[in-house]
Amino acid sequence: MAISENIGWIATLIGALGGWELIKWLLNRDANKRIGAAEAFEAEYKAMIEDYHRVQKEVDDAKAEIRQLNAK
């Protein structure tokens with residue numbers, strides 16, 4: 001196979017796979033990784049904040065119960 005045949009075959013394959021979308025994906029893959037990492041961080045951050053609020057409520061409830069017991 002000649003080099004021009006290989007290039008033609010590759011161009012045909014790229015065209016069949018959605019050409020422009022493949023090129024956009026290749027050019028933006030680093031940005032997509034950063035976006036994915038940021039989304040993962042946001043999800044973990046939200047989970048940590050929710051856990052913090054849950055624990056803080058438990059602490060506040062425990063303090064209220066201690067105050068009630070000390071008042072008796």
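Helices (H or I, at least four residues) and strands (E, at least two) are DSSP runs, numbered from the N terminus. The views below show a predicted model, in which local features need pLDDT of at least 70, side-chain atom pairs count only at pLDDT 80 or more, and totals for chains, interfaces and linings use all residues. Residues are numbered from 1 along each chain as its sequence is written, and side-chain values use heavy atoms, with hydrogens and water left out.

View 1. The structure holds one aromatic pair. F41 and Y45 form this pair, which is stacked, with 6.2 Å from centre to centre and 20 degrees between the planes. Rings of Phe, Tyr and Trp (its six-membered ring) pair if their centres lie within 6.5 Å, and planes under 30 degrees apart count as stacked, over 60 as edge-to-face and the rest as tilted. An α-helix has 3.6 residues a turn, so residues three or four places apart point the same way. F41 counts as exposed at 58% relative accessibility, whereas Y45, with a relative accessible area of 46%, is partly exposed; buried means under 20% relative accessible area, exposed over 50%, and partly exposed in between (1.4 Å probe, protein chains only).

**View 2. The nonpolar surface patch of W9, I10, L13 and I14.** Patches are made of residues with over 30% relative accessible area and no salt bridge, like charges being joined within 9 Å and nonpolar side chains (Val, Leu, Ile, Met, Phe, Trp, Tyr) within 5 Å; a salt bridge is a side-chain nitrogen of Lys or Arg within 4 Å of a carboxyl oxygen of Asp or Glu. L13 lies in helix 1 (residues 3-16) and is partly exposed, with a relative accessible area of 37%.

**View 3. Helix 1 and the residue G18 that follows.** Helix 1 is hardly covered, since the count of buried residues among its 14 residues is zero. After helix 1 comes G18, whose phi is positive, near 100 degrees.

**View 4. The setting of the close-ups in the whole protein.** The protein contains two helices and zero strands. Its C-alpha atoms fill a box of roughly 95 × 20 × 15 Å, taken along the principal axes. Of its 72 residues, 1% count as buried.

Technical notes. Areas by Shrake-Rupley, 256 points an atom, 1.4 Å probe, with all protein chains shown as cover.
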